[in-house]
Amino acid sequence: MAPMTAVGEEMHALVERLYPLCRSITGDGVRATLEIVGEYVPLQVHEVPTGTQVLDWTVPQEWNIRDAYVADSTGRRVVDFAASSLHVLGYSVPVSATMPLAELREHLHTLPEHPAWVPYRTSYYKPEWGFCLAQETLDALPDGDYEVRIDSTLADGHLTYAEHVVPGQVPDEVIVSCHVCHPSLANDNLAGIAVATFLARALARETPYYTYRFIYAPGTIGAITWLARNAERIDRVRHGLVLACAGDRGRLTYKQSRRGDAEIDRVLRHVLSASERPHRVTEFTPYGYDERQYCSPGFDLGVGSLSRTPYAGYPEYHTSADNPAFVSPDAMADTLAVCREAFSVLDRNRRYVNLSPYGEPQLGRRGLYDALGGRSDTRQAQLAMLWVLSMSDGGTGLLDVAERSGLPFDAVATAADALRDAGLIKA
Amino acid sequence: MAPMTAVGEEMHALVERLYPLCRSITGDGVRATLEIVGEYVPLQVHEVPTGTQVLDWTVPQEWNIRDAYVADSTGRRVVDFAASSLHVLGYSVPVSATMPLAELREHLHTLPEHPAWVPYRTSYYKPEWGFCLAQETLDALPDGDYEVRIDSTLADGHLTYAEHVVPGQVPDEVIVSCHVCHPSLANDNLAGIAVATFLARALARETPYYTYRFIYAPGTIGAITWLARNAERIDRVRHGLVLACAGDRGRLTYKQSRRGDAEIDRVLRHVLSASERPHRVTEFTPYGYDERQYCSPGFDLGVGSLSRTPYAGYPEYHTSADNPAFVSPDAMADTLAVCREAFSVLDRNRRYVNLSPYGEPQLGRRGLYDALGGRSDTRQAQLAMLWVLSMSDGGTGLLDVAERSGLPFDAVATAADALRDAGLIKA
Amino acid sequence: MAPMTAVGEEMHALVERLYPLCRSITGDGVRATLEIVGEYVPLQVHEVPTGTQVLDWTVPQEWNIRDAYVADSTGRRVVDFAASSLHVLGYSVPVSATMPLAELREHLHTLPEHPAWVPYRTSYYKPEWGFCLAQETLDALPDGDYEVRIDSTLADGHLTYAEHVVPGQVPDEVIVSCHVCHPSLANDNLAGIAVATFLARALARETPYYTYRFIYAPGTIGAITWLARNAERIDRVRHGLVLACAGDRGRLTYKQSRRGDAEIDRVLRHVLSASERPHRVTEFTPYGYDERQYCSPGFDLGVGSLSRTPYAGYPEYHTSADNPAFVSPDAMADTLAVCREAFSVLDRNRRYVNLSPYGEPQLGRRGLYDALGGRSDTRQAQLAMLWVLSMSDGGTGLLDVAERSGLPFDAVATAADALRDAGLIKA
């Protein structure tokens, strides 16, 4: 548990560093985020100009914000961007005005059902300005005139995203994608970034079978931009995982790809089920995070999504209550552990052909079988070899063998290694 | 409920008008029935001569009956056709004789387990004569001689059936078939006729997608005759429904087509299940009503059968207790409502192709999406659009989308209309 | 029950005759066994020379044994082959020595968890010698020197197996295979031999549809030898059954073929389920008896395995407690009865084509249908005819019809005979 706890604490520290930054789908908050992540894993950062056509979309203007507040007649800031990046409606156009509360109200967003929480709101594609605040803050405001100021710019610039690649033995790729566009939200954004980053570091210490590509991009428009700019790479993407809501204390949830029977789906189902963790596997829905884009019918990639409590499934979702205290080091460490186990299975899930398929090959003379017969205990390793031999028809993978036999994947993969080394099967 | 009740009462009135007529597989009772039905919807009546080869069968001689009775020695009619058409064995040959009760008994049919009820019996293909009566009537007959008279004719003539067509937008047809060969039996015969007739009237008020063909024909030989005479039309029959036992107070029963996964099967399963009515869906069996013929392996049409309590499933079946009081206006109205809903789903169950399948199309700039992001409530209409876009690969119909998404079919179909109008999908 | 009991007693008598013989994978014990079986059914005995290459294996040297014992310092035989063939490790090399108990212990095999039982052990492919004895015998041995003698020979010779063929109407074959290589073990070996033998006798009294080939061969190497020498016959093997552990008092267990949906699998599942016997159907595993070889992926034959308590599933397995008292005449008779019923279904499970598939053929004019219509009771025979007509599309067998209709297989097969005789269907 010690190393797990340690990596959990490291991930939590990263979440805390990133928390104050005002991320959006474009702008300097994303750049600052990627700069910090780049201290952990080297990143290739891409800047895509405003106006670039990406699939059915167009890269929007870049939004940046320096300050924003609502001040009362005494000049006291009753709502202040400096206190939390959530206080401003994302992509607010600049405003500088004084107006009575009644008029201002049309631009204020609250959560009456959680009066102490500040909601998260954006208006990317419709020019608006607004503030988000606690209902109890609003309730305490006396009538009268308020000074309103948003010092933002919305101008031609760039959309920013980054990639990190862990080279594998084959060029076939596994993509791991997380969104980097939410301001001060910890579970919905930062926990996924942290788990992805430490997963990349762990994979870099091995030479995995697949090439693993980590994508840090703004939600929707970022994934669409990546897809638009990587048309030639898509055919190499064999599997993928979207990481989001990766750090709350709820049980793990795996949302299957649109295909539902993609290898990544089978691997995650197997790993979660074999681990005996409380967990949930859900069907694909075309709502949620960027699996929406990767699984759109034209691409239909085998990309699932791993979360703890999923999208919009907890009251703190998209509010100021999704803060660093809401995510736990242990939960992030647990998410990371499942990712590592899943990718370990994925990497070893080969399909073999039995080269001696007529009757059983004589394992004994190859040193693969217990020499003393007649004992009624059957040993797992021998059983695993018999299962691999029996099922290896070229179309059946080791995960199928594990599931059909009920043996641990590890035992099956180890047996396959022994049989391959003995020349009895080949991939 | 008022209009439903009204149409239920209208259907029940039709059942009561038709009830006294002595229908059989041929003869004037069928013609009289079709004449009355013709007052509600225009019918094309077909007369097929005796001796016509129809598939493996031959149209039999036409049977007509004017009078029939058993009279005791005082001349009192103890069994009288005038009191109920059930009293005569269907297709009885003429007889005029006096005989002792012992000899007469061999021609008498009763239901000892229901002593007050008169059974329904026929002998279409073996020349016989006979009477059906209540067991208690028989028990009260003293020994002695009885006058027996059946004034029937069995002669070359015609088999009569009728069609009514509601033209649709496409020539592909849905057939709705009911049998018209049972004499005074209300649920088993007349309720189906009534529901079919009012369904035709309802459809005629719209322009449905499919062309709906209503077939009023004697059971077995009538359906076989229709099939034999419509060989060229069969390829156009996409779906069908046999209506029978449509008016008793039991829950609805849908019997699936021989194929079991025909679109009509999926539609009825969906509509019944979504409606939360108590109901039952059963597997195909080659016994029952004319689905036997439509689903015979040479045709194998997607024709299911909708009943309330199914074929032979109630004690009143094929007895005098299956009278107009046994069927209820509300039950017939309910059967009609399910038919209308099912055909509405069938008519709108198109397969679309997403014309913008790479990533999600930007719904916002087409006015199809809520402009203000970040809200955690997802709206059904938007979700339905995302589902239709995600699933529309040309092979998946809207009913599949509704079932996979768990959304109401209506929401899905409405979303598809909006996407089609925006040029994002096409059928 | 009398004839069943009689055949059960006869099978048990055969088990008792065969029990004392010291069988192994080669040698005179196998020959003596086949000679006795040959008194019941004529056998074709095959002798395959040592050194013959059979698939991936080589026929080993032949092992024969005349005497073996451990004697204490007084000359008393404390372990004696003459008392039980289990006392010697199978394939023991000869030995003649005197040694202290401490040294001898390394060659002694016991079952500490069942101190009164003698285990069964072999060392076919690694030169070894050893004795098997009860733990309590071992515990009673005082320290000191013991004389050890095994009078065995391991020399070039032959592997022996036998076949018996019951000719059928077609050359397509069903193989029934049992192992003949275990020494004094009753359930695991002899019960299967006995059931196979009396099954062959029963089949020989009929002319079955399939040709039935009974294979009596040593486990693993024997089945591999048969497969190697019958390459040209394999394509004719349509179905098969391995019989083992056929006589204990546990419920029947059918282990499915590797294919899992082979016709033999469906037949056994149907027969066991329809019989309402307590039973169990298990998935294929590549461990057990010679189904391992017949189902190896290169052959992948439709061969299942019928046992009572399966392989290694009872504490007496591979011990001296698997003696004639452990198997029961009734259990063997019951296994035999299920085999006979299964083969009867298999033999009659034809696929027919309906020659009159458009609408129902008129059964009445062919004398196949009740002439008096309108009766609400449907008779099984007529229903069975309708089901056969409805399903007979050339791809659906009578077992499918029985399962889909819920009718007894017998009723369905009888209906098919009547329809075939009437020219309405053909195989």
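This briefing describes the fold, the chain arrangement and a few selected side chains of a predicted model. Local features need pLDDT of at least 70 and side-chain atom pairs count only at pLDDT 80 or more, whereas totals for chains, interfaces and linings use all residues; side-chain values use heavy atoms, with hydrogens and water left out. Residues are numbered from 1 along each chain as its sequence is written, and chains are lettered from A and ligands numbered from 1 in the order in which they are written.

**Chain A as a whole**

- Chain A comprises 12 helices and 19 strands, where helices (H or I, at least four residues) and strands (E, at least two) are DSSP runs numbered from the N terminus.
- The C-alpha atoms of chain A occupy a box of roughly 95 × 40 × 35 Å along the principal axes, and of its 427 residues 61% are buried, a term that means under 20% relative accessible area, with exposed being over 50% and partly exposed in between (1.4 Å probe, protein chains only).
- When contacts (heavy atoms within 4.5 Å) in chain A are taken between residues at least 6 apart in sequence, 80% of them join residues at least 24 apart.
- The UniProt record, an unreviewed entry, annotates residues 62-153 of chain A as "domain: DUF2172"; UniProt positions are given in the numbering used here, feature names are shortened, and annotations may be inferred rather than shown by experiment.
- Across residues 62-153 of chain A the chain is 10% helix and 36% strand, with the end C-alpha atoms 8 Å apart.

**Relation between the chains**

**Around A:Thr160**

- A:Thr160 belongs to strand β10 (residues 158-166) of chain A and is buried, with a relative accessible area of 1%.
- Its side chain makes polar contacts with the side chains of A:Arg31, at 3.4 Å, and of A:Glu47, at 2.9 Å; a polar contact is a pair of N or O atoms within 3.5 Å, of which, within protein, one must be able to donate a hydrogen and the other to accept it, and residues adjacent in sequence count only if both atoms are side-chain atoms.
- Leaving aside residues up to four places away in sequence, A:Thr160 touches several residues, among them A:Val30, A:Leu34, A:Val45, A:His46 and A:Pro218.

**Selected sites in chains B and C**

- B:Glu206 lies in the loop between α5 (186-204) and β12 (211-217) of chain B, is partly exposed with a relative accessible area of 39%, and has a side chain joined to that of B:Arg340 by a polar contact of 3.4 Å.
- In helix α6 (residues 221-229) of chain B, 7 of the 9 residues are buried, including B:Ile221, B:Trp226 and B:Leu227.
- B:Arg350 lies over the face of B:Tyr209, at 3.6 Å from the ring centre, and the charged end of C:Arg350 sits over the ring of C:Tyr209, 3.7 Å from its centre; a charge sits over a ring if NZ of Lys or CZ of Arg is within 6 Å of the ring centre and within 35 degrees of the ring normal.
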